[in-house]
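I would ask you to keep the sequence and the model in view while I speak.

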Amino acid sequence: MKTHFFTLLFFISAINFSLAQKTDFRIFNWGTSLEKVKSEEKASFYSAKNGDELIFKDKLGSKSVLVMYIFNENNKLISGIYIYSKEYSNAELYYYDYSVLLKLLKEKYGMPTNEKETWNTVDKSYDKTNKKLAIADKNLNLYAVWNTERTTIKITLISIGNTIPSIQIHYTSNSIEDQDNPEDLKDALNKL
């Protein structure tokens, strides 16, 4: 009986330890201070923006990325973004990178709750079967979304105007508590 009790206790402790090790974005959890992210992020610091964003340079796999941390007015982490900075002369390669990342995200988070194509052309004769060409022509945007208990994850492949296609992976807190100052919410409640 004692052996079963200790085995069960060990199993519960192992589960609690593994759950405690889970992070929301990279090595941080939502609500982490700007100062802590700046001092503990291992990637190369790139810039700070608007007093509420930190940007680092890193690699995911073999690809160079910018890693952006976004903070609320209380300097608490509420969002993170990977921005792929590789520029291809063959725009079809963006579709390949997107497909690889989509597969990895599906492996980690399961099937997305939403997966969508948005076409930027109204030309009914346009061949919508060739997605690589459509991305090269800036006629197709792709995205997929996952929802976890604490985070919404969204991968996008978009072309806006004359810009090159952009691949981004957004991680955003689902918790209002992580995004707003409790005193500000209380003040808003009193005004409603």
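Eight strands form an open antiparallel sheet, in the order β1-β2-β3-β4-β8-β7-β6-β5. Strands here are DSSP runs of E with at least two residues, helices are runs of H or I with at least four, and both are numbered from the N terminus; two strands pair if DSSP finds at least two bridges between them. At the edges stand β1 (44-49) and β5 (114-119), and each has a single partner strand, so one side of each is left without a neighbour in the sheet. On average, neighbouring strands of this sheet are turned by 20° against each other, direction ignored. Such angles run from 0 to 180 degrees between N-to-C directions, with axes fitted to C-alpha atoms, for helices over the stretch in contact.

The model is a predicted one, in which local features need pLDDT of at least 70 and side-chain atom pairs count only at pLDDT 80 or more, while totals for chains, interfaces and linings use all residues. Residues are numbered from 1 along each chain as its sequence is written, and side-chain values use heavy atoms, without hydrogens and water.

Let us turn to individual strands. β6 (residues 140-147) pairs with β7 (residues 151-158) in the antiparallel sense over six bridges, and the two form a hairpin with three residues between them. Within this pair, tyrosine 143 stands opposite threonine 156 of β7, and asparagine 147 stands opposite threonine 152. β7 is also joined to β8 (residues 166-173), antiparallel, by eight bridges; there, threonine 156 has glutamine 168 as its bridge partner.

What packs on the sheet? Helix α3 (residues 92-109) does, touching β3 (63-71), β4 (77-84), β5, β6, β7 and β8, where contact means heavy atoms within 4.5 Å. The direction of α3 makes about 165° with that of β7.

Finally, the largest pocket holds about 620 Å³ of space. A pocket is an open set of points on a 1 Å grid, fitting a 1.4 Å probe, with protein on both sides within 12 Å along at least five of seven lines; its lining residues have an atom within 4 Å of a point. Of the 27 lining residues, Tyr82, Leu105, Lys108, Tyr109 and Tyr171 are the closest to the centre. α3 gives the most to this lining, with eight residues.

Note on methods
Grid points are joined across faces, edges and corners, and a volume is the space filled by probe spheres set on the points.
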